[in-house]
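Reader: Could you walk me through how salt bridges are read in a model such as this one?

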Amino acid sequence: MVRLAIFALPLLWLSAHASPAPRSTDSNIGTFVPLRIEGKDGTIFEGPIFTRGHNVTTPSGGNHHCDGTNLGAHPTPGPTATSALADAAKLKHFAFDGTFDPKFDDFFITSIGNSPETATQFWGILADFVFTPVGGCEEQVSAKTHVLWAFDAFNAAAFLFLQGPETAIQGVPIELSVKDGLTGNAISGASVGEGFPPTGANGVVTVTFGTPGLKSLKAEKEGTIRSNALTILVI
Ligand SMILES: *[C@@H]1O[C@H](CO)[C@@H](O)[C@H](O)[C@H]1NC(C)=O
């Protein structure tokens with residue numbers, strides 16, 4: 001009995017503290033979410049967007065809640081992948097559309113900017129380079145979630161992830177690396193900009209900047225989703 005009591009106490013304490021703390025209703029005050037939208041021909045949006053859970057309206061789908069409580073996914077409202085998209089569209093004045101499916105209690109995004117879906121190419125949503133298992137109004141996001149909307153996501157051979165130093169010295173070579181964000185595999189033959197060689201077999205390319213200033217590079221390769229922008233201050 002004595003032994004049991006000694007062991008039971010810490011267990012009780014653990015289970016009490018392991019359960020998630022109840023979230024107050026002001027959890028939906030809003031936050032800046034890192035958002036990237038990669039369209040057919042170019043990047044439609046990249047940067048932090050202030051968003052909170054709220055209703056979203058589309059021409060084809062109408063006005064519906066979009067705060068993570070959709071289909072009971074979360075008990076309390078909060079920012080979502082689709083609220084972020086809607087707020088970016090409002091801020092940057094690009095259009096988007098989606099149908100609404102009452103069964104899924106969510107929008108199915110059919111078009112963003114100049115990139116409407118086709119019979120074989122659809123928009124996909126990734127959070128931190130993982131396809132979201134639920135719809136964009138169910139998927140709650142935070143300031144720490146990298147949200148990516150990608151055109152033709154389901155046919156993409158890779159989702160490029162460009163890494164390198166944030167600063168460089170004019171005339172001094174630096175190394176940049178391109179990987180697949182999903183698998184971590186090195187991506188060869190990717191372009192990081194005009195005038196630079198493609199990445200080698202190890203996904204690495206050496207570049208040298210001839211002029212100072214703030215440079216923004218993105219990696220691209222046919223059949224893949226273009227990368228995040230890497231901003232390098234050349235001094
Ligand atoms: C938000 O959408 C819900 C349906 O999901 C609707 O019942 C409600 O009236 C809408 N609220 C506003 C403020 O438009």
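Author: At 34% relative accessibility, E46 counts as partly exposed, where buried means under 20% relative accessible area, exposed over 50%, and partly exposed in between (1.4 Å probe, protein chains only). This is a predicted model, in which local features need pLDDT of at least 70 and side-chain atom pairs count only at pLDDT 80 or more, while totals for chains, interfaces and linings use all residues. Residues are numbered from 1 along each chain as its sequence is written, and side-chain values use heavy atoms, with hydrogens and water left out.

Reader: Where do K218 and E46 lie?

Author: K218 lies in strand β15 and E46 in strand β2 (residues 43–51), so their pair ties together parts 172 residues apart in sequence; strands (E, at least two residues) are DSSP runs, numbered from the N terminus.

Reader: Which partners does E38 have?

Author: E38 forms a salt bridge with K218, the closest N and O atoms being 2.9 Å apart, and this pair links strand β1 (residues 31–38) with strand β15 (residues 213–218). E38 also forms a salt bridge with R226, at 2.8 Å between the closest N and O atoms.

Reader: Are E38 and K218 buried or exposed?

Author: E38 is buried, with a relative accessible area of 1%, and K218 is buried at 18%.

Terms used: A salt bridge is a side-chain nitrogen of Lys or Arg within 4 Å of a carboxyl oxygen of Asp or Glu. Helices (H or I, at least four residues) and strands (E, at least two) are DSSP runs, numbered from the N terminus.
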